Amino acid sequence: MKRIILTALSLILFLLLLVGVTARLGWWPVSATAVPPQWESKFGQALLQVSLSDQAAGLKNPIRPSNDVLIGGLKIFKMNCAGCHGSRGQPSQWRTQNFYPRVPQFADNQPHLLAPQMFVAIKQGIRYSGMGAWNGMMSDEEIWKVATFLEQIGSLPPEVEVNWKTSQ
């Protein structure tokens, strides 16, 4: 048993050393135009999900997703967010190709986050990405409206859906 533990620890230390040496030698790609390996994307997304969930623990969305709230969130999104995150039928080309990490295009891919997690991401930003913090530039109510809109984007009521389609 002792031998198995020592072998496992030795293997872990060797892998850490290998990672450190290859990184120090500059063998890791850093280009924003390169397509990252699938494991890197999945690992980064998992870390982001865990962090946002932890930071959003205990937060509750204070607003209900009424048509007025969703249309308000849509308008704020179109004015402040669509340039990077795209809009219906118009993805943001420069942020989907030459940017890393790639910016999610919410018109095409519904976020896999709940409103409290998106509230944290919008308000505080996301380090080592292009997602800046909107704290102080938008009120908490405006941030909640955007987060609520994004949470509902895959199943918008007809009146809001019409506004989403036509507000290009």
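Modeller: Start with the nonpolar patch: α1 (2-24) and α2 (38-55) each supply at least two of its residues. Keep in mind that this is a predicted model.

Colleague: Which residues form that nonpolar patch on the surface?

Modeller: Leu17, Val19, Val21, Leu25, Trp27, Trp28, Trp39, Phe43 and Leu47. Together they have about 1000 Å² of accessible area.

Colleague: And where is Phe43 found?

Modeller: In helix α2.

Colleague: Staying with α2, at what angle do α2 and α6 pack?

Modeller: About 95 degrees, and their axes are 8 Å apart. Helix α6 covers residues 115-124. An angle from 65 to 115 degrees counts as roughly perpendicular, so α2 is roughly perpendicular to α6.

Colleague: Which residues in α2 meet α6?

Modeller: Gln49, Leu52, Ser53 and Gln55 do, and on the α6 side they meet Gln117, Val120, Ala121 and Gln124.

Colleague: What does that contact have by class, nonpolar, polar or charged residues?

Modeller: Five polar and three nonpolar residues, with no charged ones, make up the contact of α2 with α6.

Colleague: New topic, the backbone. Is the peptide bond from Tyr100 to Pro101 cis or trans?

Modeller: The bond is cis, with omega near 0 degrees. Pro101 sits in the loop between α5 (93-97) and α6.

Colleague: What about Tyr128, is its phi positive or negative?

Modeller: Positive, about 60 degrees, although Tyr128 is not a glycine. Tyr128 lies in the loop between α6 and α7 (140-152).

Colleague: Why point those two out?

Modeller: Because most residues other than glycine have a negative phi, and most peptide bonds are trans.

Terms used
Residues numbered from 1 in each chain as written. Predicted model: local features only at pLDDT ≥ 70, side-chain atom pairs only at ≥ 80, totals over all residues. Heavy atoms only, no water. Patch = residues over 30% accessible without salt bridge, like charges linked within 9 Å, V, L, I, M, F, W, Y side chains within 5 Å. Areas by Shrake-Rupley, 256 points an atom, 1.4 Å probe, with all protein chains shown as cover. Salt bridge = Lys/Arg side-chain N within 4 Å of Asp/Glu carboxyl O. Helix = DSSP H or I, 4+ residues; strand = E, 2+ residues; numbered from the N terminus. Axes fitted to C-alpha atoms, helices over the stretch in contact; angles between N-to-C directions. Parallel < 35°, antiparallel > 145°, perpendicular 65-115°, else oblique. Contact = heavy atoms within 4.5 Å. Nonpolar A, V, L, I, M, F, W, Y, C, P; charged D, E, K, R; others polar.
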